[in-house]
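Here are a few notes for you to read alongside the model. Please have the structure open as you go through them.

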Amino acid sequence: DHRLLEQASKAGGVTFESLRRRKDGSLVCVDISGKACHDASGKVEFVLFTKKDVTHLRLLRDAKLVAARFGDLLESTPDGIVMVNPTGRIVYANSQAERLFGYEAGELSGKLVELLLPERYRGRHVQHRADYLQQPRVRAMGAGLELNGRRKDGREFPVEISLSPLQVDEGTLVMSAIRDISDRKRAEQKFRDLLESAPDAMVIVNRGGEIVLVNSQTEKLFGY
């Protein structure tokens with residue numbers, strides 16, 4: 001970065017913290033120090049930059065900030081809440097989230113959020129969360145897709161997840177509100193089974209006139 005080189009040359013050195021992207025798309029927090037090195041005439045010959053991984057220190061700062069500012073509020077919500085910093089590490093999980101995924105109190109702190117996903121989704125999710133931070137906004141995760149969480153014991157269960165960015169002094173955190181929808185899915189399956197058992201063709205249409213569910217008798221009747 002030309003600006004940093006110029007700053008280091010003028011001041012003799014520069015120190016700052018920044019996010020850097022690994023080959024796999026994941027982010028790490030790096031402490032960068034630059035020192036101007038001069039030749040015999042006193043002119044700047046080059047600038048030496050050293051970089052140190054401070055991801056863990058950033059995690060501790062973020063976790064302390066979230067617990068102090070938002071801990072009581074997040075504990076009072078009925079949904080599981082997981083807060084993640086830009087490196088993808090969990091800085092806070094409320095007790096509802098810990099029970100939902102089968103973890104002990106504090107056990108999720110510092111873990112990559114992909115731990116809560118089925119293994120088949122983890123690789124792609126690293127890039128997805130990095131992309132989200134480029135344009136953070138309130139939205140449902142995986143709109144139109146079937147989402148599953150993964151408990152500590154390996155069992156999967158259907159979930160709904162809402163994402164919200166939270167601006168703090170050190171950058172953007174991402175809050176995930178997670179809801180177990182197993183009961184709803186069972187009810188929907190029971191309803192589908194009921195439709196299938198009907199001898200007549202059955203069609204369910206939403207308010208917009210779109211077909212949302214049909215039974216096999218309907219498909220046979222109309223040749224689909």
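1. Helix α4 gives the largest share of the lining of the largest pocket, 7 residues. Helices (H or I, at least four residues) and strands (E, at least two) are DSSP runs, numbered from the N terminus. This is a predicted model, in which local features need pLDDT of at least 70 and side-chain atom pairs pLDDT 80 or more, while totals for chains, interfaces and linings use all residues. Residues are numbered from 1 along each chain as its sequence is written, and side-chain values use heavy atoms, without hydrogens and water.

2. The largest pocket has a volume of about 700 Å³, a volume being the space filled by probe spheres set on grid points joined across faces, edges and corners. A pocket is an open set of points on a 1 Å grid over the protein atoms alone where a 1.4 Å probe fits, with protein on both sides within 12 Å along at least five of seven lines; lining residues have an atom within 4 Å of a point. Of its 30 lining residues, Leu117, His125, His128, Met141 and Leu147 lie nearest the centre. Besides α4, the elements giving two or more residues to this lining are β4 (80–84), β7 (147–150), β8 (156–168) and β9 (171–180).

3. Do look at Gln127, placed in helix α4 (residues 119–134). Gln127 touches Arg21 and Gly25, leaving aside residues up to four places away in sequence; contact means heavy atoms within 4.5 Å. Gln127 and Asp24 are 103 residues apart in sequence, yet 8.0 Å apart in space, C-alpha to C-alpha.
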